[in-house]
2 protein chains.
Amino acid sequence: MVETLKPDPQEPRIVDRRERRRQRGDKYRLTALGGLAALSLDALSSVAYGPEAIVLVLVAAGAAAISWTVPVALAIAGLLLVLVLSYRQVIAAHPDGGGSYAVAKKDLGRGASLLAAASLVVDYVLTVAVSLAAGAASLASAFPVLADHLLLITLIGLAVLTVINLVGVAESAKVLMGPTLLFIIAIFAVIVVGLSRSSPVAVIGVDRGPIVPTDVIGIVLLLKAFAAGCSALTGVEAIANAVPSFRTPAVRRAQHTEVGLGVLLCGMLLGLAVLIRHHHTVPRDDVTLLAQLSAAAFGTGWPFYLTSLAVTAALCLAANTSFGGLPVLLALLAKDHRVAHLFALRSERPVFRYGVAALAVLAATVLIIVKAETHRLLPVYAVGVFIGFTISQTGLVRHWRGQRGPGWIRRAALNGFGAILTAVAAVVLLVEKFTEGAWLLLIIVPALIILFARTENYYRGVAEQLSFGRIPALPAQSPDPEPMLIVVPVVAVSEVTARALRTAQAMSGEIVAVAAEIDPASTRRLSHQWKQWDPGIPLTVLPCPRRSLVATLVGYVRNQTRHGRQVTVLLAQVEAHHWWQRPLHNPRGPVLAAALRARTDAVIATLEVRLD
Amino acid sequence: MVETLKPDPQEPRIVDRRERRRQRGDKYRLTALGGLAALSLDALSSVAYGPEAIVLVLVAAGAAAISWTVPVALAIAGLLLVLVLSYRQVIAAHPDGGGSYAVAKKDLGRGASLLAAASLVVDYVLTVAVSLAAGAASLASAFPVLADHLLLITLIGLAVLTVINLVGVAESAKVLMGPTLLFIIAIFAVIVVGLSRSSPVAVIGVDRGPIVPTDVIGIVLLLKAFAAGCSALTGVEAIANAVPSFRTPAVRRAQHTEVGLGVLLCGMLLGLAVLIRHHHTVPRDDVTLLAQLSAAAFGTGWPFYLTSLAVTAALCLAANTSFGGLPVLLALLAKDHRVAHLFALRSERPVFRYGVAALAVLAATVLIIVKAETHRLLPVYAVGVFIGFTISQTGLVRHWRGQRGPGWIRRAALNGFGAILTAVAAVVLLVEKFTEGAWLLLIIVPALIILFARTENYYRGVAEQLSFGRIPALPAQSPDPEPMLIVVPVVAVSEVTARALRTAQAMSGEIVAVAAEIDPASTRRLSHQWKQWDPGIPLTVLPCPRRSLVATLVGYVRNQTRHGRQVTVLLAQVEAHHWWQRPLHNPRGPVLAAALRARTDAVIATLEVRLD
C-alpha cells in the first residue's frame, strides 16, 4: 500500500549547493591553503584584541610593565603550540569533523556533550559579539567621527550579516581568500615596518593622562594578563570541525592547515608583542592598540587606512563563521531532541532560519548589554572557549585509550597534557575574571544544560505517549459510524456563505449552519434572508447572553462533541488580493479558530474565498 | 428552516455592565451634578495648561505684557459663553448624543462626517498626549527629581491607562466625583488664597534669567495669545456626546450640566488670569505656571503638594476620557465600513480592544516625537478641537433650518454665530500656529479622510463581489458528486497519525496519506512501518527534489485540485499541555497551513491531538 511517485520531469530540479558540490566530487573542496583562507579568520582575527587585552592588564602596574607583554605572549604561544599539536590529533581521530559536541557525545557521554553544547552556544554568540565590537572599534580608530556610535555600527553590521545568512549566500573559500591574505599581509607589514622605525611615525587617539600604577608586577598580575591574552587563541578549533570539507587526503590537508594556522598566529602574536615593547605603546582613548601600532608604522596615510579596513573586514568575516556554526549546532541538538525541533527545519533554501534568527537576537542582546565594548566581553568569551578545548581533548584521551592503537599512549599523553593545560587555563580565567563577568557563565552554562536536558526528557515523554516508533492500534472502524457533524458559522447570506455550504456538502455529513444572536435586529434580517434563500440546510440561531460569538460557538461545539461525536467547524474566510488589504478581512477568524482549537475537540477547517 | 435555541439554563448569564445598568432603569444614570463629575474633567483640567500657554506667548513682549493675560482670558471666556449656549442647543437637538461625527453624518453628509471623524481621531489622540504630558509636568513641579524623566513618566502613565482600559473597568460617576471635586476646590483655593497674598509666599522653579522682549504688544501677539489660550476650551463638547447617560429628563439635566461646566471653567480661567496679573508671574524652568501660582498662594507645605496631586489626577482622568471615546468612534466608523471591521469587535469583555490598542500606540508615538513637551502639542490640539466645534454647530444650523420649529431662526442664529466664531478661531489658530506644527494637520487630516474613504470604497467593492445583502444562487448540488479527496500528510507512524486517519475516515471521502521524501532513509523506515501497520489507507511517497516539504505538498495539492476536485488537507497537530511547551511542537504546522491556504484551493482542516 505504499506508492512512490516519480519526480515530475517538468519541475526544475533545484538541488542545494552543498549537495551539488558533494556530487561533483573533490573539485570544490578545500586544499590546505584554501582551508587556511576559509577557516583561519576566526582565530587570526583575534590578534586584533588579544594583545590589547594583555596590555590593558599590565598597564595597571605602570607604563614600564608593558615590557612584560613579550613573556606573557610567549606563554600564550606555548599553549598555542600544545593546542595545535592536540588538534592535529583531533583531526586524525574524527575525520568526519563535528566539533566538541560531536566528540563529547561520542566519547564522553551525555553530561559532557550537554556541557560542550552549552559552552559552544555561548562561544558562538560571543564570537559574533566580540568580533563585531572589535571590528567597529577598528573602523572607528581610522574614522574618528564613528567613535560615538560603536553600538549602532555593530548592530548595523549584525543586521547585514543576519540578512545575508537568512538569504543564504554560498560561502566559498575563494571569497575569503582575498580578505584573509590582505589581513595577514597587513599585520606582518605592521610588525616588520614598525620594528624598523626607531620611533612612531604618528601617534593617534586621545591621551589618557599620566599613568598612575595601581598594582605591581607579580604572579597574580601576570596570570591576569595571560588569562586576558588567551582570548587570542579562540578559533583554533575551527579547522578540526570542518575536516570533511577538505580534498583527499582530507586528514593530512587539514593537519597541514592547522599547523599553518598555528605558525601564522604564533608569528603575529609574538611580533605584535615585541612591537608593543619596541614602541612602549600605552592604551589611548578612541583608538585600538592595533591601530596605534599601525599608525606608528605607517603614519596616517593610505597604508594605515588599508590596514584598518583589512582588520575590520577580517573581524566581520570572523563573526560570519558563527552564522555558519551555531545554526548547524542547533540543528544537531534538535535532532537529538535537546532543543525545539524547529531548529532542525530548513526552509526552501538550505538555511536554518530559526538558528540564524536566534543567533542574531542573542548577539544583539549581548552587544546592547555591554554597549559594544570588547573588553567587557573577552573574559566570558575566553572561559567559554577554553571549556570547549578541555572537553574535546579529554574526549580524545578516552578515544585513544578505547582504541589502543599503535602509539596510543603518546597520543593520549599529548591530548591529556593539552586538556590539563586548557583546564588549568579555564580555571585561571574563571577565577581571575570572575568579578568581571565570568560568573555569568556559572549561571548561563548550567541553565542551558538544564534547558537541553529538560527538553530532551519532555520529548521522550511525548514520544512515549504518542507511541512514536511503535505501531499504533489500527483505526477502529465502527460498522455504522455516526456521520460527522459539520458546523458552518454564518453571519450573513452572501457568496461566502454559499461557498461554505457547497464545500460542507462535498464533505458529506450532517450539516448545520449556526448564527449567534449578538444583535436581535441583524439576526432577524438573517433569518428572513435565510428563509428566502432556502439553501436546504437548517440555520440554528444560538442565544448569546454574553454577547460573545467566540464563547457561544465554543459552548455549542463542546455540547455537540460531548457524547464523542466527531465535529468539524468549517470557517469560510475572505482572502484579500493584496497583503495590505488583509487586516480588513476576517476580524474574528483567527481568534475564533484559535479558541475552537484550544477549547474544543472539533476539527477546524478553513476555506479561503479569494477576491479578484 | 430557522431554529432558535433557548439559552442553556445551566450556563451563567453574564450580562455586560452597561446593559444591566440599562435594565435597572434610571437609578444608575447621571444627575446634573453626577454629570459634572463624570464629564467635566476633560474641559476643566485644561486650565492646567491654557493660562500658561497665554503667558508663554505674552512674555515675548516683556514681563509687563503679562498683564494682558486678563483681557485675553476675557475674550476666551466670551467664546466659551457662545460655545456653552450653542452646546445647550446641540443637546436639545441630539438627545441621543453621538458627538460631531454622528451630527455631521446626519445633517451635513459624507464629506463633513469624514472631516469630523478625522479631526476627532486627532483630538482623542492629542487629548491623551497633552493631558499626560501636562500631568507629568505637574507632578514634576512638586517633585523636582522627576523633572528629567517626563517622557518616561508619561509613558508609564499611558501604559497603566491602556491596561486598565483593556481589562475594562466600569467607569462610574462616583469614582470621578472625588478627584473632580478636589480639583475644583484646589483651583479655586489657589485663586482665592493667592489673591489674598500681597506677595508670593514661595517662589519655586529655576529662574530663566532676565526677560528680553523680542516683540511688542499688538494685534498679532494678542491673537497669538488668544489662539494659545483657546486650548483651555477643549473638552466642552463631552457633555453633549453623552446625553443618554443622564436621568430623565436627560436633556434638561445635560443642559444644566453644560451651564455648570461653563460657569466653573469661566471662573477658573478668569480667576487664574487675574492671579497671574496680581503676582506678575513669569514662566520659570522645571515648574508649571499653575504650580508657581499654587506655591505663591500656599507656600510649599502640604496644600501645595495636595494641589499638585489633584491637578495630576485630574489630567490623568482627562486622558482616560479619550479611552472611552476613540474606541467607540472607531467602532462607529467600522460599522460604516470606514475603518477595518476589526475595530467593531468586542472581545468577551465589553471593550473595543483594537481601538484601545490603537489609541495607546498613537499617543505613545506622539509623546515620543514631542518628548512629552505639552507646549509643542497645544497648537495642533486646539486647531483640531475647533474644527470639531465648527462642524457640529454648522450641522445644527442645517438641523434647525430643516425642522423650522418655533423659534428656529433664533436658534440657528446662535449656532451660526458659534460656528462662525469657532471657524474664525480655527483659522486664526491654524495661521498663527502654522509653523509650530499646525501644518501637520493639513497632512494628517486629509490623509485620514482619504484612508476612511478608500476603506469604505474597498468594502463596497468586496460586498458587491461577494453579493452581501443579495440572495446568492443556491449551492449547486450535482447529482453524483466526486467524493472529496482527503490528504493526510504523514511524517511517522504514531498515535497522531492514527488519530488523523480515524478523523479522515469519519469525514468520508477518498483518503490518501502522503509523505515527502526529504531523507531517503527515514522514508524507507516509514514505508516499512506503514506496511507492517497496514491501516487500510494507501501511503503515497512524494519525491522532494527541493527538499522542501511545503513546496512538495503545495505542488501535490495543486495538482489534485487542478480539475476542480474538492480537496481537504487534514493536519494533525500535537497540542502541548502548557503554553510554554508549545514552541516544541508542530514546527512545520503553521508554515505549512499558511502556504496551503495561500497557494491552493484546498480546505485546510486541523486536528489537535492533546497531550496529557
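How many C-beta neighbours inside 10 Å does Pro95(B) have, and is Pro95(B) buried, exposed or partly exposed? That gets answered in point 1, after a word on the model.

This is a predicted model, in which local features need pLDDT of at least 70 and side-chain atom pairs count only at pLDDT 80 or more, while totals for chains, interfaces and linings use all residues. Residues are numbered from 1 along each chain as its sequence is written, and chains are lettered from A and ligands numbered from 1 in the order in which they are written.

1. Pro95(B). It counts as partly exposed because it has 14 C-beta neighbours inside 10 Å. (Buried means 20 or more other C-beta atoms within 10 Å of the residue's own, exposed means 12 or fewer, and partly exposed is in between, with C-beta atoms placed from the backbone.) Look for Pro95(B) in the loop between helix H5 (69-93) and helix H6 (99-107) of chain B. Helices here are DSSP runs of H or I with at least four residues, strands are runs of E with at least two, and both are numbered from the N terminus.

2. What Pro95(B) touches. Setting aside neighbours within four places in sequence, Pro95(B) is in contact with Val243(B), Ala250(B) and Val251(B); contact means that the C-beta atoms, placed from the backbone, lie within 7 Å.

3. The strands around E3(A). E3 (residues 510-517) of chain A runs parallel to E2 (residues 485-489) of chain A, joined by five bridges, and pairs in the parallel sense with E4 (residues 539-543) of chain A, again over five bridges. Pairing takes at least two DSSP bridges between the strands. On the E4(A) side, Ala515(A) stands opposite Val541(A) and Glu517(A) opposite Pro543(A). E3(A) is mostly covered, with six of its eight residues buried.

4. The crossovers. E2(A), helix H19 (residues 495-507) of chain A and E3(A) make a right-handed β-α-β unit. E3(A), helix H20 (residues 520-533) of chain A and E4(A) make a right-handed one too. Right-handed means that, with the strands pointing away from you, the path from the first strand over the helix to the second runs clockwise.

5. A helix pair in chain B. H21 (residues 549-561) and H22 (residues 589-599) of chain B pack at an angle of about 35°, with axes 10 Å apart. The axes are lines fitted to C-alpha atoms over the stretch in contact, and angles run from 0 to 180 degrees between N-to-C directions. Among the residues that meet are Leu553(B) and Val557(B) from H21(B), and Leu592(B) and Arg599(B) from H22(B). The contact divides into nine nonpolar, no polar and one charged. (Nonpolar covers Ala, Val, Leu, Ile, Met, Phe, Trp, Tyr, Cys and Pro; charged covers Asp, Glu, Lys and Arg; the others, Gly among them, are polar.)

6. Backbone spots to check. Most residues other than glycine have a negative phi, and most peptide bonds are trans. The Thr248(A) to Pro249(A) bond is cis, with omega near -10°, and a cis bond also joins Thr248(B) and Pro249(B), with omega about -10°. Asp286(A) has a positive phi of about 70° and is partly exposed, with 15 other C-beta atoms within 10 Å. His337(B) has a positive phi of about 60° and counts as partly exposed, with 19 C-beta neighbours inside 10 Å.

Methods: Contact = placed C-beta atoms within 7 Å.
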